[in-house]
Structure formats: structure tokens, C-alpha cells
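Visitor: Please take one part of this model and go through it closely. I would like to start with the salt bridges and move on from there.

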Amino acid sequence: MQNLDAHNMRTIEVPASRAFLLTERTQEQAKQLFEEDKSIECFEDITELTKKINFYLSNTCEREKIVQN
């Protein structure tokens with residue numbers, strides 16, 4: 001766990017380059033810098049990560065909404 005309760009530069013760089021970011025949930029990322037499920041997507045554990053990977057690979061429009069936000 002690199003981020004612990006904070007963020008790293010990837011948190012800013014990926015959305016700034018108009019790419020989709022699915023990252024480990026931290027308070028700073030999901031609540032202070034971005035709005036989770038609107039402008040960033042986060043996961044807590046491997047089960048949630050797998051579920052979200054499958055969802056967003058199958059739902060391009062939903063992924064693009066987050067990228068645009």
C-alpha cells in the first residue's frame with residue numbers, strides 16, 4: 001500500500017491526461033481531491049477491484065463519463 005491515507009502523483013497525472021483512474025481508496029483521493037464514482041473510481045480490496053475492472057471493461061460509456069468529469 002503505497003498511498004496509505006494520502007495520494008501520490010499518479011492521482012493527479014492520470015486524470016490530467018484524460019485517462020481513467022481506478023485506484024486504491026484513500027480518504028484524500030476519494031473525498032478531498034475527487035468525487036468517487038463521479039470523477040475517480042476506487043477500490044478497497046481485491047474483490048471490489050475485480051468487480052470494477054469487469055464492470056468498466058464492459059461499460060465503455062460509464063468509464064468515459066468518469067474520464068470526462
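Guide: A salt bridge is a side-chain nitrogen of Lys or Arg within 4 Å of a carboxyl oxygen of Asp or Glu. Keep in mind that this is a predicted model. By that rule, the count comes to 8 salt bridges.

Start at Lys 52. Lys 52 is found in helix 3, which covers residues 46–58. The relative accessible area of Lys 52 is 13%. Buried means under 20%, so Lys 52 counts as buried at 13%.

Now look at what Lys 52 touches. Leave out residues up to four places away in sequence, and the list is Leu 22, Arg 25, Glu 36, Asp 37, Glu 41 and Cys 42. Several of these names return below.

Take Glu 36 from that list. The side chains of Glu 36 and Lys 52 meet in a salt bridge, at 4.0 Å from N to O. This pair links distant parts of the chain. Glu 36 sits in the loop between helix 2 and strand 2, Lys 52 in helix 3, and 16 residues separate them. Is Glu 36 buried or exposed? Glu 36 counts as buried, because its relative accessibility is 19% and the limit is under 20%. Lys 52, at 13%, is buried as well.

Lys 52 has another partner, Glu 48. Their side chains meet in a salt bridge of 3.4 Å, N to O. Here both residues lie in helix 3. They are 4 residues apart, about one turn of the helix.

These pairs belong to a wider set. Arg 25, Glu 36, Asp 37, Glu 41, Glu 44, Glu 48 and Lys 52 are linked in a network of salt bridges.

Asp 37 deserves a stop. Asp 37 lies in the loop between helix 2 (27–33) and strand 2 (41–43). Its phi is near 70°, a positive value in a residue other than glycine. Asp 37 is exposed, because its relative accessible area is 52% and exposed means over 50%.

Arg 18 shows a positive phi too, near 65°, and is likewise a residue other than glycine. The place of Arg 18 is the loop between helix 1 (10–16) and strand 1 (22–24). At 52% relative accessibility, Arg 18 counts as exposed.

Cys 42 is buried, because its relative accessibility is 0%. Cys 61 is exposed, at 61% relative accessible area. As for disulfides, the count comes to 0.

One more salt bridge is worth a visit. The side chains of Glu 62 and Lys 65 meet at 3.2 Å, N to O. Both residues are in helix 4, residues 60–68. They are 3 residues apart, so about one helical turn separates them. Glu 62 counts as partly exposed at 32% relative accessibility. Lys 65 counts as partly exposed at 47%.

A pair of aromatic rings is described by the distance of the centres and the angle of the planes. How many aromatic pairs does a search of the whole structure find? The search finds 2 aromatic pairs. Phe 20 and Tyr 56 form a tilted pair, 4.8 Å centre to centre, with 45° between the planes. This pair links distant parts of the chain, 36 residues apart. Phe 20 is in the loop between helix 1 and strand 1, and Tyr 56 is in helix 3. Phe 20 is partly exposed, with a relative accessible area of 23%. Tyr 56 counts as buried, because its relative accessibility is 9%.

Phe 55 and Tyr 56 form an edge-to-face pair, 4.8 Å centre to centre, with 85° between the planes. Phe 55 is partly exposed, with a relative accessible area of 37%. Together, Phe 20, Phe 55 and Tyr 56 form one aromatic cluster.

Lys 52 is part of the salt-bridge network. Tyr 56 is part of the aromatic cluster.

Key. Residues are numbered from 1 along each chain as its sequence is written. This is a predicted model: local features need pLDDT of at least 70, side-chain atom pairs count only at pLDDT 80 or more; totals for chains, interfaces and linings use all residues. Side-chain values use heavy atoms; hydrogens and water are left out. A disulfide is a pair of cysteine sulfur atoms within 2.5 Å. Buried means under 20% relative accessible area, exposed over 50%, partly exposed in between (1.4 Å probe, protein chains only). Helices (H or I, at least four residues) and strands (E, at least two) are DSSP runs, numbered from the N terminus. Rings of Phe, Tyr and Trp (its six-membered ring) pair if their centres lie within 6.5 Å; planes under 30 degrees apart count as stacked, over 60 as edge-to-face and the rest as tilted. Contact means heavy atoms within 4.5 Å.
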